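I opened my notebook for a friendly look at aromatic rings and pockets. Here is the structure I had on screen.

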Amino acid sequence: MNRTISFAAVALLIAALGAASGTALVVGQRNRPDPSDPARHITLKLGHALDQQHPVHKAMVLFADRLDELSSGAVTVDIIPNGQLGSETELLEQVQHGALAMTKVSTAPLESFVPEMSVFGLPYLFRDEPHFWAVLEGPIGKELLAKGAESGLRGLCYYDAGARSFYTVNRPILKPDDLQGLKIRVQASPTSMEMVETLGGSPTPISFGELYSALQQKMVDGAENNPPSFHKTRHFEVCKHYSLDEHTRVPDLLLVNEELWQQLPPQVQQWIEEAIEESVAYERELWQKDTRDALEAVQKEGVTIHYPDKTLFADKAAPMLQAFNEAQDEASERIAALIARIQEVTP
Ligand code: GCU
């Protein structure tokens, strides 16, 4: 998908955002905006798919509050949660085309816009949590955030989304063979499809918001996600087995329309970056606690937690990573080089 936004589109975006909030969005202004002057008030709309109790939503609320404080009320973030504005792919399109200023998505649907993001969908590429964060916080993580700008989607930060594991309605996944014949919901991402297929299941892409009823109606036999999401979506009401194989670490990402970003006054960019830094630190703390609480809560609701031997899954998935080294096309070569760099990172 190419970047199609033009300066005219940005002007429209600004007008739309201003009209929606009843204020005007000022672009290119060098001085500190005056909160008492509505013509200098900026409202940034941020749509996402998560529940309001989810730690990532709470962290974005802190981002909005801090930005409001830092700018003395001159810059407001209007958060629209729960997929009210559409699926994550639709949210990305809206930001890319300028209908929405910001979104928070998983890197999985982002890989259709920024192919390099597919590395996060590769099973067991990250050895453990410290390795994962060393990559995200180092040069590779920063490069990947900036990469989105070429598609009109500037990455601002990563939020912790833990590790993803399988949960199923009827029987537990204790080894890859247990996936045989099971339909497993995946995100809108070719890498997630391939991951489930390589491990032996039948991947079925369904949007996050439609998954509860898909599980209930037995359109799929299971899905995969991190503990807070498994809990907050109440998928545990249908799926009674959660197998912590931790096959991938797919982060969440906050993005802004690139052209809008470029037109924000440097002072506003600085406030946004500062507020984000605090929100990221807050989310990392919340995440740890929420993961423990979620696992406890789902067990109380009758879910059995399983701890399968991860090496069985990693061995079965290994050819998926290997395939990039053998492929001859330019895109695969780029990903293979990125994989090699990631593997070399030490915390
Ligand atoms: C996680 C992630 C969401 C994503 C969801 C999914 O919960 O935080 O952004 O939508 O996974 O599986 O679709």
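**Entry: aromatic rings**

I kept in mind that this is a predicted model. I began with the ring pairs and counted nine aromatic pairs. I then picked out Phe120 and Phe126, which are stacked, at 5.9 Å centre to centre with 15° between the planes. Both Phe120 and Phe126 turned out to be buried.

Next I looked up Phe120 with Phe132, an edge-to-face pair at 6.4 Å centre to centre and 80° between the planes. This pair links distant parts of the chain, twelve residues apart. I found Phe120 in the loop between α4 (107-110) and α5 (129-137), and Phe132 in helix α5.

Is Phe132 buried or exposed? I noted it as buried, because its relative accessibility is 1% and the cut-off for buried is under 20%.

I also wrote down one aromatic cluster, formed by Phe120, Phe126, Phe132, Trp133 and Tyr158. At Trp133 I found a charge as well: the charged end of Arg284 sits over the ring, 3.6 Å from its centre.

**Entry: the largest pocket**

I turned to the largest pocket and read off about 600 Å³ of space. I listed 33 lining residues, with Ala49, Arg185, Ser207, Phe208 and Gly209 nearest the centre. By class, I sorted the lining into ten nonpolar, 15 polar and eight charged residues.

Which element gives the largest share of the lining? I found that it is α3, with three residues. I saw that α3 (88-97), β3 (102-106) and α9 (227-232) each supply at least two. Domain 1 and domain 2 each contribute at least three residues to this lining.

Technical notes. Residues numbered from 1 in each chain as written. Predicted model: local features only at pLDDT ≥ 70, side-chain atom pairs only at ≥ 80, totals over all residues. Heavy atoms only, no water. Phe/Tyr/Trp six-rings, centres within 6.5 Å; stacked < 30°, edge-to-face > 60°. Buried < 20%, exposed > 50% of the residue type's maximum accessible area, 1.4 Å probe, protein only. Helix = DSSP H or I, 4+ residues; strand = E, 2+ residues; numbered from the N terminus. Lys NZ or Arg CZ within 6 Å of the ring centre and 35° of its normal. 1 Å grid on protein atoms, 1.4 Å probe; cavity = no way out; pocket = protein on both sides within 12 Å on 5 of 7 lines; lining within 4 Å. Points joined across faces, edges and corners; volume = space filled by probe spheres on them. Nonpolar A, V, L, I, M, F, W, Y, C, P; charged D, E, K, R; others polar. Domains from an automatic or database assignment.
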